[in-house]
Structures are given as structure tokens and as C-alpha cells.
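Please open the model in the viewer and display the ligand together with the protein around it.

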Amino acid sequence: MFLMRLDKYISECGAASRREIKLIVKSGRISVDGIVATAPEMKLDAEKAVVRLDGTILKYEKYHYFMLNKPEGVLSATDDGKQKTVLDLFPPELRRLKLFPVGRLDKDTTGLLLITDDGDFAHKVISPKSGIVKTYHAVTEGTVTAEDTAAFEQGIVLADGTKCLPAELEILPDGSCLVKVMEGKYHQVKRMLAACGKPVKALKRIKIGGLELDKSLKAGEFSALSQEQLCRVMMGK
Ligand code: URA
């Protein structure tokens, strides 16, 4: 049994703000196990209770997982006094879940960014020990070569002497490339390609583990991950 206040339950479902919840409950729009609820402070079993808003079931999830198609010019942070962050792309009822980005993409990097409130999940995805591969599409100045691919396989040594883990570099027919890394060092992909004399002009993350960026998401749009998508993050190393 996992006892929880009704207003907290509704709030954690991202259905409404705390202030709205009070009104919604008071106006008899919420039912718990088929009985109209009138007290926002009533306790219920979050694992078993069937809570409905205007007849539609509100399903409680302990943690929340989203994929965002990160646009350019937005910081991978929860909050910034001056600049727009990825969390600013989420509505207030979801921001209340204390969401944060799983790792960071540079301000000018676009593409797949996971957003969650599950710290253990985030740690697993980021940690090189988990072996979860992150795939990037890069457009560079100068075309990457077979020698660059070999250097990636060996483990690139960055300009400051840091040695990277072996990584994959695939040359695409149009001269751009795919980079697959397990680490997430600061500016890693840009610095790896710069070490080969191929500065990056544009960088987009297209895949994490076995989860691909949903092509139907426009820049700045996000979607909730299904259970199957969530599993895919951990697979397809
Ligand atoms: N590597 C980079 O250089 N930048 C990113 O945003 C992600 C990986």
C-alpha cells in the first residue's frame, strides 16, 4: 500500500496545478474508486485506487520520462536566470514534477534529450560503465576519412591530452558522419572531431541506446516515453 493525498496524486499525474486541483475536487469532478471525492486532503492507495477526472482515469506513475527534440539556443539545465532552458519548453504542470535533463547537450547541439525525475535512471544512462551508446550526426569542416575512423577505434587523444574510450565514426555518403560514444565528456564529440582536424559545424543527437529520436517531433517538442521506448534506452548498445 502506498498512501498519498488526493491532491498530491492529481498533481503528480500532471493533470492540474495545486490551485486548480482544489477547485476541481470541490466541484465534484474527481472520483476515487467510483465515489465522488470532495476532500483534496483525503488519503488513497496510489498503487490501487482508480482516480478519474471527468470520467477519465488519471494513472499515477512514480517517475516520468520524456524525449525532447532539443532546439538550438536552449540550455540543458533546469533553470537559468537569463537564458531559456529545456525545462522552459515544458508546461507548468509538468515542471512541478521536478524534471531535469539526463546529461547535457551544448547550447548549439540539437536532437534527442531525455527529461526525467528519476535520478537512478539518469545516472545509468550517463555512466560510461552502463555501456549505453549515444549516437550523433555531425557535419564537419572538411570530410572525415578512413584514418579518422581508425583513430576513433583506437581512442582519440584530445588536445588537452585526455584519452577517450574507443568510439565509432561512420562516414556517410554526403560527407557528414555518425559518431557513437559511451562517454559524455564536456564537448566530447566536438573535441574528438577537432582532434582529427575536422571542426564540427552542426551536431545533432539522434539515438540513445536503442531509442531513436522520434522524427515526428519538431524542434522544441517532447513526448512521454512508452514502457517499450524506456526499455529501448537500455538496449541496443
Ligand atoms: N558532444 C559535444 O561536443 N556536444 C554535445 O552537445 C554532445 C556531445
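Select valine 189 first: a polar backbone atom of this residue is 3.1 Å from a nitrogen atom of the ligand, a polar contact being a pair of N or O atoms within 3.5 Å. The protein covers 95% of the 230 Å² of accessible area that the ligand has on its own (Shrake-Rupley method, 1.4 Å probe). This is a predicted model, in which local features need pLDDT of at least 70, side-chain atom pairs count only at pLDDT 80 or more, and totals for chains, interfaces and linings use all residues. Residues are numbered from 1 along each chain as its sequence is written, and side-chain values use heavy atoms, without hydrogens and water.

Next, select histidine 187, where a backbone N or O atom lies 3.2 Å from a ligand oxygen atom. Then move to threonine 109; an N or O atom in its side chain is 2.9 Å from an oxygen atom of the ligand.

Now display the residues around the ligand (a heavy atom within 4 Å): Leu105, Asp106, Thr109, Tyr136, His187, Gln188, Val189, Lys190 and Leu203. Helix H6, residues 188-195, contributes the most to this shell, with 3 residues (helices are DSSP runs, H or I, of at least four residues).

Finally, colour domain 2 (65-128 + 211-233) and domain 3 (133-208): both give residues to the shell, so the ligand lies between them. These bounds come from an automatic or database domain assignment.

Terms used. Polar contact = N/O pair within 3.5 Å; in protein donor to acceptor, adjacent residues only side chain to side chain. Helix = DSSP H or I, 4+ residues; strand = E, 2+ residues; numbered from the N terminus.
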